[in-house]
Amino acid sequence: MGRYAFYPGCAAKGASKELYESTVAVAKELDLELVELPQFSCCGAGVLEEVKEAVDLAVNARNLAIAEREGFKTIITVCSTCLLVLRKTKWLLDNDEELKEKVNELLKEVNLEYKGEVEVKHFHWVVLEDLGEEGLREKVKRPLKGLKVYPYYGCHTVRPYEILGFEPSENPNSLERIIRALGGEVALGKRRLECCGFHSFWPNPKGSLLLTGLNLIDAKKSGADCIITPCPLCHMNLDANQSRALKEVKESFKIPVLHVPQLIGLALGIEQKKLGIHRNIVEVNC
Amino acid sequence: MEKREATFRIKRFNPLKDTKPYYQEFKLTVFKGMTLLEVLQQIKDKIDPTLAFRAFCRSAICGSCSVKVNGFPKLACKTQVITELEKFKTDTLTIEPLDNMEVIRDLIVDWDGALKKMEELKPYLIPDPKVVPQTLEEECKVLPQELKKYDKFTDCILCTSCFSACTAVNIDEKYGGPFQLARLYRFAVDKRDALKGERAKIGYAYNMWNCVRCEKCADVCPKHIAPVDGIMKLRGISIEVGLKDNPGARHVEAFYKSLLESGTLNEVLLPLRTKGIKGIIENLPVGIKMLLKGKAHSPILKPIKEHKSLVKLIKVAMEVE
């Protein structure tokens, strides 16, 4: 299997440690070599665009250029927002020679150059590309038989399609493919592509929690035993903020929310502690 | 020529006779290259003349034929039916009126609310007498690199697809709206405009920080405008013109500080930096739960490798025009 530059993102190193732990454990089991580069910086979560576009582009072109300098062809991330921010930078620079030149002039100040050779992918995309559903199925030791899983995509792994492009943003199925390959059942809902509101949490906490509450209700209605998400920010709203999000929609129930690598890890038979299951706020009984 | 049978499940509602909306199915043979507008017209011409929808130019430029196809806003004249059937792996397409606006009849919605919001935001040039000459003898040149800043935002055809898809519009009545705020940005960076950056204050009053950045507007825009890009830039301008004392602006500052301090986001200090003591109090119960689960880093972060060069790069980028 491949060797990849690993860009965990800040959330996976802090508030979503279990995502970092489960990704590392699952990658090892699937023979995906993840090399975390200590020079990678925060992508700025799009917020840097509001400081100044040039800063946003320079910081993220630096991340891309560092991966290129270290000889990597692909960066893997486990955060949907990091994915969008890094891919957006790449997309802007690769489609605008003049802009690329300007950003490279900035990078020259720190002896770096962005060539445009490195790709940026989400962890679960690579699992599907490298192993495929069949390859993943073969690795399963503990099939998720009878487990109904709600695939919650959120926004930044699918939208905008022009920049993400892995699957149709209006009808993606990567998470469903993973759930089925692991032996689980897909719980169908209407809000799998709706926003969790995370990025407006600080200016508008009520609105943000309302969106998460509606998503949680939809998951519950679908008959799901648990939710999975490829994004640690969606996870924070769905899991850590679950009880207050449900208060916003006048509901009270509990539904476990797993990171995609946690679900894969459980099916691969990896020890729960290594997957950080104990760190999830809503208890996961598995 | 590729042909196939397809079913169109159309949402119907005539307020003069229906108490509530209902779906009606129409079966048609569709062929490669056929647009949804051709389908709607065929239904109206040959099956049911009462079907109501808007359409005009048939060239994706007038913006009148936007409807929802399987939940996603699109221009009927720009949407090829077979492509949609293949994308959704189905033989049935559900056609509905746009969201976030009242339905007048069938697929026709009332745009007035969305357009009134646009008017309130004053998205038209207020000439700066220092830049725009007073006589016709003199010219006011806009150079290509100046136009580039807002060129794409001038392509908006007011189809309201983004307004229909917008998460923030759906939950916040006061929110300015995606195409409206993007237009505001367009004038905020037009050198001929008298208000320029001050326009960001209008955006602030219309809750532009409540944009959830769901990217739906970027995805559905038939003109590839990505209103969200304009909204984020307008938020940046609001900080430049002095609107710094609010959670949105302080959140931006918190990210910037983190990058300068260590290169990674200091999540532990984020509530304090974004909302002050209120940020800590409001989030204390969740914060404690997370702390007990070991979901927090130390408040002092070790700088990333080559951090000094990152800081140098940021400083240089800050100087860029």
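Strands S3(B) and S4(B) run antiparallel and are joined by four bridges; strands here are DSSP E runs of at least two residues, helices are H or I runs of at least four, and both are numbered from the N terminus. Two strands count as paired if DSSP finds at least two bridges between them. Within this pair, Val67(B) stands opposite Lys74(B) of S4(B).

This is a predicted model, in which local features need pLDDT of at least 70 and side-chain atom pairs count only at pLDDT 80 or more, while totals for chains, interfaces and linings use all residues. Residues are numbered from 1 along each chain as its sequence is written, and chains are lettered from A and ligands numbered from 1 in the order in which they are written.

The S3(B)-S4(B) pair belongs to an open sheet of five strands in chain B, ordered S2-S1-S5-S3-S4, with mixed pairing. S2 (22-31) and S4 of chain B each have a single partner strand and stand at the edges, so one side of each has no neighbour in the sheet. On average, neighbouring strands are turned by 35° against each other, direction ignored. Helix H1(B) lies across S1 (3-12), S2 and S3 of chain B and runs at about 110° to S2(B). Such angles run from 0 to 180 degrees between N-to-C directions, and axes are lines fitted to C-alpha atoms, for helices over the stretch in contact.

The domain assignment divides chain B into domain 1 (3-108), domain 2 (111-240) and domain 3 (247-319); the bounds come from an automatic or database assignment. The centres of domains 1 and 2 of chain B, taken over C-alpha atoms, are separated by 30 Å. Their contact takes 14 residues from domain 1 of chain B and 16 residues from domain 2 of chain B, contact meaning that C-beta atoms, placed from the backbone, lie within 7 Å. On the domain 1 side, strand S4 (residues 72-75) of chain B gives the most, with four residues.

Ala60(B) has a positive phi of about 55° and lies in the loop between helix H1 (36-47) and strand S3 (66-69) of chain B. Arg213(B) also has a positive phi of about 55°, in the loop between helix H8 (199-205) and H9 of chain B. Most residues other than glycine have a negative phi, and most peptide bonds are trans. Ala60(B) counts as partly exposed because it has 17 C-beta neighbours inside 10 Å, whereas Arg213(B) is buried, with 26 other C-beta atoms within 10 Å. The cut-offs are 20 or more for buried, 12 or fewer for exposed and in between for partly exposed, with C-beta atoms placed from the backbone.

In chain A, a cis peptide bond with omega of about -10° joins Arg159(A) and Pro160(A). Pro160(A) lies in the loop between strand S5 (148-151) and helix H9 (161-164) of chain A. Elsewhere in chain A, the axes of helices H4 (residues 53-69) and H5 (residues 80-94) come within 9 Å and cross at roughly 95°. H4(A) and H5(A) are therefore roughly perpendicular, the term for 65 to 115 degrees. Among the residues that make this contact are Leu57(A) and Leu64(A) of H4(A), and Val85(A) and Leu93(A) of H5(A).

Between the chains, 56 residues of chain B are in contact with 52 residues of chain A.

Definitions and conventions. Parallel < 35°, antiparallel > 145°, perpendicular 65-115°, else oblique. Contact = placed C-beta atoms within 7 Å.
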